[in-house]
Amino acid sequence: MNNKPYPTLVDHIGQTPLIRLNHLSDKTGCEILGKAEFMNPGGSVKDRAALGIVRDAEAKGQLRAGGTIVEGTAGNTGIGLTMVGNSLGYPTVIVMPDNQSQDKVDTLRAYGADVRLVPAVPFKDPGHFVHESQRIAEEINASNPGSALWANQFDNVANRDFHEATTGPEIWEQTNGEVDGFICSVGTGGSLAGVARALRARTDKVSIGLSDPTGSALYNYFTTGELKAEGGSISEGIGTSRITENFADTPVDAPYQIPDSESVPLVFDLIRQEGLCCGGSTGVNVAGTVRLAKELGPGHVIVTLLCDSGLRYRERLFNREFLAGKGLEFPEWLNLDG
C-alpha cells in the first residue's frame, strides 16, 4: 500500500520553467529567458501572491476554516485567490474595476467567485476597487468577527515575501547563479521586489530593471523623483500611481518607460516566433529585457516574467478595430476572419 502523500493543487504553484526566447536572444546577443508563470495552475504569476497571502493569514490566525477571502483586483490575483480558496475551503468575494477584460470576469465567475464590478476611478477616490474591497471585508467582519480576510495584495508584504522565498531562488537555481539582470513591470510590486531581494541577497552584481507602461507613475519616480503618470496603456494589472508597501525600498538600476507601440508588437512576435501566447504585461516585460540587453551589452543573462495567457485578453489583443482605435497595428499574418 502506498502511504506517500500526493501533492494537492496548491503544491503545484511555483517551480515554473525558464524558457529561452530564441529570436530575441539571438538578436541581442544575450540570453533572454522568460519564467513561464502562465504555467501556474490558475494561469498567472498571481497564483504565487495568492498562496503566499493565504498561507501567511492561516499562520497568523487571520483566516479560519470556512472564512471568506475578499480582495480588490484587476483580475489575475482574484483568479489565483479563488482557485486557492476553492482548494483550501474558502469562498471569495472579488471586487474589480469595470474596465478589465470580460475574459477575466468570466473566468472568475466560472471559478465560482462572487464578482462585484465597480467604476474604474483613481486610487484617491473612495470608490476605488481596493477601498471597496476593504469596506466589504469590514462589513462581513462586523456581523461575524474574524470571518473575512481582506487580502490587501498591494500592501500586504506576504505577497513580496512569497516571491522572495520562491520565485527569486528558483531563478537563481535555474540559471546556476549566472543571472545578470532581472526586469519586470509593477502592479502591486510584489514580484519585482521579492525577486530583487532574493537575487541581491546572493549577489550585488545583478541589475534590477523596471518595465513601466505609459500611464504609470513609476518611471518618472525613478528618473525625476516625482510620482507623475503620463499617457495610457492597453495593458491590464500593471502600472501604479503610488509606492506600495510591497514595492517600498526596492532597488531599481534601470527604469524604462514602455509605450504600447513597443510592447504590443512583441506580444505578437512571441506568438509567431516563439509559440508563446501571452498577455500585454508580458509584452511590456519583454520590451524591458530588450532595453536592458542593449544597456548591459552582449553575453549577459537576463530574466523576466511571462505573466499570463494572451487568451485572457481576446477583446483587446485580438480585436482589429480596438487596436486600430489605439493607433496599433494588427499583424497581417493573424487571420481571425475564418
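This is a predicted model: local features need pLDDT of at least 70, side-chain atom pairs count only at pLDDT 80 or more; totals for chains, interfaces and linings use all residues.
**Entry 1**

Two strands count as paired if DSSP finds at least two bridges between them. I wanted that rule in hand before looking up β3 (residues 68-72) and β4, which run parallel and are joined by four bridges.

Which residue of β4 is the bridge partner of glutamate 71? I found isoleucine 94 there. Next I followed the chain and saw that β3, helix α3 (residues 76-88) and β4 make a right-handed β-α-β unit.

Then I looked at the pairing of β4 with strand β5 (residues 114-118), which is also in the parallel sense, over five bridges. Methionine 96 stands opposite leucine 117 in β5. Here too the unit is right-handed, built from β4, helix α4 (residues 102-110) and β5.

How many of the six residues of β4 are buried? I got six of six for residues 92-97, so β4 is largely enclosed by the rest of the structure. In a regular strand, side chains alternate between the two faces of the sheet. I therefore sorted β4 by side: Thr92, Ile94 and Met96 are buried on one, and Val93, Val95 and Pro97 are buried on the other.

**Entry 2: strands β8 and β9**

I moved on to β8 and β9, which run parallel with five bridges between them. Leucine 210 has proline 255 in β9 as its bridge partner. To get from β8 to β9 the chain passes through helix α9 (residues 218-224), and this β-α-β crossover is right-handed. β9 (residues 254-258) is mostly covered, with four of its five residues buried.

While at α9, I checked asparagine 220, which sits in that helix. Is asparagine 220 buried or exposed? Its relative accessibility is 9%, so I put it down as buried. Leaving aside neighbours within four places in sequence, asparagine 220 is in contact with Gly225, Glu226, Lys228 and Glu230.

**Entry 3: the nonpolar cores**

The largest nonpolar core has 22 residues, and those with the most contacts inside it are Ile171, Phe182, Leu192, Leu199 and Phe247. I looked up which elements give two or more residues to this core: β7 (181-184), α8 (190-200), β8 (207-213) and β10 (301-306). α8 gives the most, with five residues.

I zoomed in on leucine 192. Not counting residues up to four places away in sequence, leucine 192 touches Phe182, Cys184, Val186, Ile208, Gly209, Leu210, Phe247 and Thr250. Apart from this core lies another one, of 21 residues, with Leu24, Leu276, Val290 and Ala293 among them.

**Entry 4: serine 191**

Serine 191 lies in helix α8. Its relative accessible area is 13%, and buried means under 20%, so serine 191 is buried. I listed what serine 191 touches beyond four places in sequence: Val45, His163, Cys184 and Leu305. The serine 191 side chain also makes a polar contact with the side chain of histidine 163, at 3.3 Å.

**Entry 5: arginine 55**

Arginine 55 is in helix α2 (residues 46-59). At 36% relative accessibility, I noted arginine 55 as partly exposed. Past its neighbours within four places in sequence, arginine 55 is in contact with Val10 and Leu88. Which side chain does the arginine 55 side chain make a polar contact with? I found glutamate 58, at 2.8 Å.

I also checked phenylalanine 162: it is 107 residues from arginine 55 in sequence, and the C-alpha to C-alpha distance is 9.7 Å.

**Entry 6: positive phi values**

Most residues other than glycine have a negative phi. Asparagine 152 has a positive phi of about 55°, and it lies in the loop between β6 (148-150) and α6 (158-165). Asparagine 176 has a positive phi near 55°, and its place is in the loop between α7 (167-174) and β7.

Which way do they go on burial? Asparagine 152 counts as buried, at 16% relative accessibility, whereas asparagine 176 counts as exposed, at 64%.

**Entry 7: helix α11**

Last stop was α11 (residues 280-296), whose 17 residues reach 25 Å from first C-alpha to last, close to the expected 24 Å. I saw that α11 is mostly covered, with 13 of its 17 residues buried. Just after α11, glycine 297 takes a positive phi of about 95°.

Note on methods
Residues are numbered from 1 along each chain as its sequence is written. Side-chain values use heavy atoms; hydrogens and water are left out. A nonpolar core is a set of buried Ala, Val, Leu, Ile, Met, Phe, Trp, Tyr and Cys residues joined through side-chain atoms within 4.5 Å. Buried means under 20% relative accessible area, exposed over 50%, partly exposed in between (1.4 Å probe, protein chains only). Contact means heavy atoms within 4.5 Å. A crossover is right-handed if, with the strands pointing away from the viewer, the path from the first strand over the helix to the second runs clockwise. A polar contact is a pair of N or O atoms within 3.5 Å; within protein, one must be able to donate a hydrogen and the other to accept it, and residues adjacent in sequence count only if both atoms are side-chain atoms. The expected span of a helix is 1.5 Å times one less than its number of residues.
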